[in-house]
Amino acid sequence: MSDDQKEIYYVIAPNRESAMNSPYMEAFHASGKQVLFCYAQIDEFAMRNLGSYKSKDIVGIESSKLGEQNKGNEDGLTQDQCSNLGRWIKKNFGDHINKVDITYRLVKHPAVLVDHQSQAIRMYLKALGEDAKTPAQAIQINPNHNIIKGLYKIVKGLDDDELDSNTKDINEKMAKIITKQLINNAFIAAGILDDPREMLTNSNLVLELSLGYKDNVNDYEYNAPNISTYESPTKDLEDTITAHAEEMEQTNAGKESKAKIVEEAEVLQ
């Protein structure tokens with residue numbers, strides 16, 4: 001690890017390929033910063049408990065701000081255009097998206113969720129028998145990506161008085177289908193889409209649209225991922241999670257995981 005890297009970054013993923021293809025890794029590919037790959041869910045608890053190592057903070061790449069200082073391309077959307085699109089997304093998908101911001105850390109991906117509950121915590125809540133439902137999320141959109149630019153163009157056209165009502169209706173439903181898939185993909189990348197089969201119908205509609213077929217657009221129904229009400233974990237439950245996590249670290253698996261992390265941190269040094 002280079003001397004100018006002030007933090008130890010990590011990512012939890014099922015395998016190396018998944019980690020490398022994560023949208024959260026894009027800023028690290030560009031910067032050359034090293035990232036510690038962790039393949040066990042218990043590593044999330046170990047990392048949080050470690051907190052720092054040799055005066056370097058341990059930071060998950062999903063919460064990292066790396067790449068936020070990048071600048072947009074001239075042909076990308078402006079801040080105002082992104083704000084207008086963000087308001088439309090929140091208006092139509094408010095059950096699942098409560099905040100839309102702009103980001104320049106993405107290259108190949110159009111959007112990512114931020115400040116979300118980790119997949120490890122969600123899995124642990126379920127293991128405790130708790131109902132780990134998903135609250136509305138904060139999403140960041142890439143103003144340089146063709147999907148975001150194309151979506152903005154459709155949404156902006158909905159205010160065009162020269163378009164007939166039927167065309168506007170079809171375009172609005174197209175925009176909702178595309179946005180729903182955008183949200184689904186962001187949920188999957190963040191590891192918080194409980195059942196990917198929920199998105200199959202919408203995925204098929206997107207494929208039909210890409211082939212020029214709009215016959216089934218009128219069959220669109222709003223049904224974004226994980227529709228449910230959400231109650232934040234109580235303080236007692238949070239204490240229980242912490243206590244169980246500490247107990248897990250005392251098991252052989254937990255001790256081996258933590259020891260392995262420390263060993264790999266030594267390698268990064």
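These entries cover the helix contacts and then the pocket.

Ground rules first: this is a predicted model, where local features need pLDDT of at least 70, side-chain atom pairs count only at pLDDT 80 or more, and totals for chains, interfaces and linings use all residues. Residues are numbered from 1 along each chain as its sequence is written, and side-chain values use heavy atoms, without hydrogens and water.

Entry 1, α4 on α7. I looked up how helix α4 (residues 79-92) sits on α7: the angle is about 85°, with the axes 11 Å apart. (Helices are DSSP runs of H or I, at least four residues; strands are E, at least two; both are numbered from the N terminus. Axes are lines fitted to C-alpha atoms, for helices over the stretch in contact, with angles from 0 to 180 degrees between N-to-C directions.) That makes α4 roughly perpendicular to α7, a label for 65 to 115 degrees; under 35 is roughly parallel, over 145 roughly antiparallel, and the rest oblique. Trp88, Ile89 and Asn92 of α4 touch Glu172, Ala175, Lys176 and Thr179 of α7, contact being heavy atoms within 4.5 Å.

With helix α8 (residues 200-210), α7 packs at about 125°, axes 9 Å apart. That makes α7 oblique to α8. On the α7 side I noted Met174, Ile177, Lys180 and Gln181, which meet Asn202, Ser203, Leu205, Val206 and Leu209 in α8.

I found 31 lining residues, with Val11, Ile12, Glu62, His116 and Ala190 nearest the centre. (A pocket is an open set of points on a 1 Å grid over the protein atoms alone, where a 1.4 Å probe fits, with protein on both sides within 12 Å along at least five of seven lines; lining residues have an atom within 4 Å of a point.) Elements giving two or more residues to this lining include β1 (7-12) and α7 (165-190).
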